[in-house]
Amino acid sequence: MALTARTGLLALLGALVVALLLPSWTGLLLVTGAVLALAGVDLALAGRVRDLVFSRSGASSVRLGERVEVSLRVANGGRRTVRGPLRDAWPPSAGAEADRHQVMVPPGEARTVVTALRPSRRGDRAAALVTVRSLGPLGLAARQGAHAVPWTVRALPPFHSRRHLPGRLSRLRELDGRNAVLTRGQGTEFDSLREYVIGDDVRSIDWRATARAADVMVRTWRPERDRHVLLVLDTGRTAAGRIGDGTRLDAAMDAALLLAALASRAGDRVDLLAYDRRVRASVQGMAAPELLPALVNAMAPLEPELVEPDARGMVAEVLRRARRRSLVVLLTGLDPAPLEEGLLPVLPTLTARHRLLLAAAADPRVTELARTRGDAEAVYDAAAAERALAHREQVSALLRRRGTEVVDALPEDLPPALADRYLALKAAGRL
């Protein structure tokens with residue numbers, strides 16, 4: 001039983017009247033008893049919360065930052081009307097715009113309330129308890145109860161870099177030969193013959209076809225399809241570093257999604273592995289139409305783990321999954337200590353069987369500090385930032401000397417830069 005503010009107000013007014021007309025304890029007790037009796041009758045006439053049946057419907061996923069609605073159906077299986085406030089509680093990160101509603105559900109009927117959500121964090125956001133207060137006809141007392149009505153909304157990565165996809169697809173069509181472009185390399189295959197024009201590579205001249213024709217004929221080549229691209233997300237402690245508006249892991253996910261969308265359109269097979277000291281997420285063997293939904297669903301609940309990554313275990317897992325030669329895209333940091341102690345000792349094992357492309361998001365704050373000049377403190381900050389940038393460049397140079405492609409860019413520049421490097425490798429036939 002829950003007494004309402006109206007009950008307290010009525011008791012107070014009664015006490016004032018008694019104090020004026022009948023100044024004794026007996027009168028006060030009579031008024032209090034009368035108010036409580038009315039409240040008891042009101043409570044008896046209130047609809048029972050336990051007779052309510054709840055169910056949910058609506059969206060189960062939403063892109064981070066976008067708005068979605070979840071409906072809650074309230075059915076009254078009792079004999080009295082249930083009226084009063086209802087709270088559909090969600091965690092703060094679910095971004096519920098209004099979780100309190102007024103309902104009136106007559107016996108045998110149902111009502112639906114809608115809660116709008118705008119999640120502020122990736123991952124699964126589960127609904128909390130639904131609390132209903134059923135008021136009596138006089139509003140003096142109420143029955144209250146809480147019900148668990150399970151529902152989960154998964155906040156997916158926002159994929160901001162999808163705006164870069166049309167331009168990269170246009171370049172991909174050029175590589176595929178839809179626009180007359182010559183490419184040749186160890187990862188290309190013969191496409192067709194055409195007449196020689198100034199500027200063509202003389203190594204592409206087909207002398208046998210030229211002998212049979214009136215003009216010099218050259219072979220055109222197109223990149224091979226059905227290559228294997230394995231995206232590896234480092235979810236260790238360095239992925240938790242804040243850069244810009246998010247973490248390194250957020251920037252890596254955005255770059256991985258753009259590359260996956262591009263590579264699947266190119267006819268390549270794309271898999272995903274998220275790893276620190278164990279496998280955190282995995283996507284394998286998905287067809288192109290199902291690839292992006294599978295990737296965003298696998299990435300959504302990922303959070304950086306504050307542990308040192310196990311580079312040896314990661315390499316062993318990559319080798320187990322990729323039997324034939326593949327393009328392994330490792331999205332990690334370029335911090336010297338973790339790479340020198342972890343990845344570099346096991347790098348030859350990986351590069352001997354696969355082509356490795358390492359992509360890292362740089363901290364824009366460090367770049368900003370390196371350009372700052374002013375007082376003495378700013379000069380010291382700039383010197384420290386320049387030293388950090390120099391260390392990154394030294395690590396990048398060391399990786400390149402050991403046969404690793406490196407893409408080091410600011411968070412907003414990393415996705416298109418990684419996509420461009422993939423296209424360059426494909427054009428050169430190096431996948």
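**A guided tour by selection**

Begin by selecting Arg168 and Asp420, which form a salt bridge whose closest N and O atoms are 3.0 Å apart; the term here stands for a side-chain nitrogen of Lys or Arg within 4 Å of a carboxyl oxygen of Asp or Glu. The pair links distant parts of the chain, with Arg168 in helix H3 (residues 165-175) and Asp420 in helix H11 (residues 414-427), 252 residues apart. Arg168 is buried at a relative accessible area of 17%, whereas Asp420, at 24%, is partly exposed; buried means under 20% relative accessible area, exposed over 50%, and partly exposed in between, with a 1.4 Å probe and protein chains only. Helices (H or I, at least four residues) and strands (E, at least two) are DSSP runs, numbered from the N terminus.

Before going on, note that this is a predicted model, in which local features need pLDDT of at least 70 and side-chain atom pairs count only at pLDDT 80 or more, while totals for chains, interfaces and linings use all residues. Residues are numbered from 1 along each chain as its sequence is written, and side-chain values use heavy atoms, with hydrogens and water left out.

Next, select Asp268 and Lys426, another salt bridge, with its closest N and O atoms 2.9 Å apart. Asp268 lies in the loop between helix H5 (248-265) and E17, and Lys426 in helix H11, so the pair ties together parts that are 158 residues apart in sequence. Asp268 and Lys426 are both buried. Salt bridges that share partners also join Arg67, Glu69, Glu97 and Arg118 into one network. Within that group, select Glu69 and Arg67, whose closest N and O atoms are 3.3 Å apart in their salt bridge.

**A buried arginine**

Now select Arg125, in strand E8 (residues 123-126). Which side chain of opposite charge is nearest to Arg125? It is Glu303, 5.4 Å away, and the buried Arg125 has no salt bridge; for charge, Lys and Arg count as positive and Asp and Glu as negative, with His and the chain ends not counted. The side chain of Arg125 does make a polar contact of 2.9 Å with the side chain of Ser93, and it reaches the backbone oxygen of Arg122 at 2.7 Å. A polar contact is a pair of N or O atoms within 3.5 Å; within protein, one must be able to donate a hydrogen and the other to accept it, and residues adjacent in sequence count only if both atoms are side-chain atoms.

Among the buried residues of H8 are Leu339, Leu343 and Leu347.
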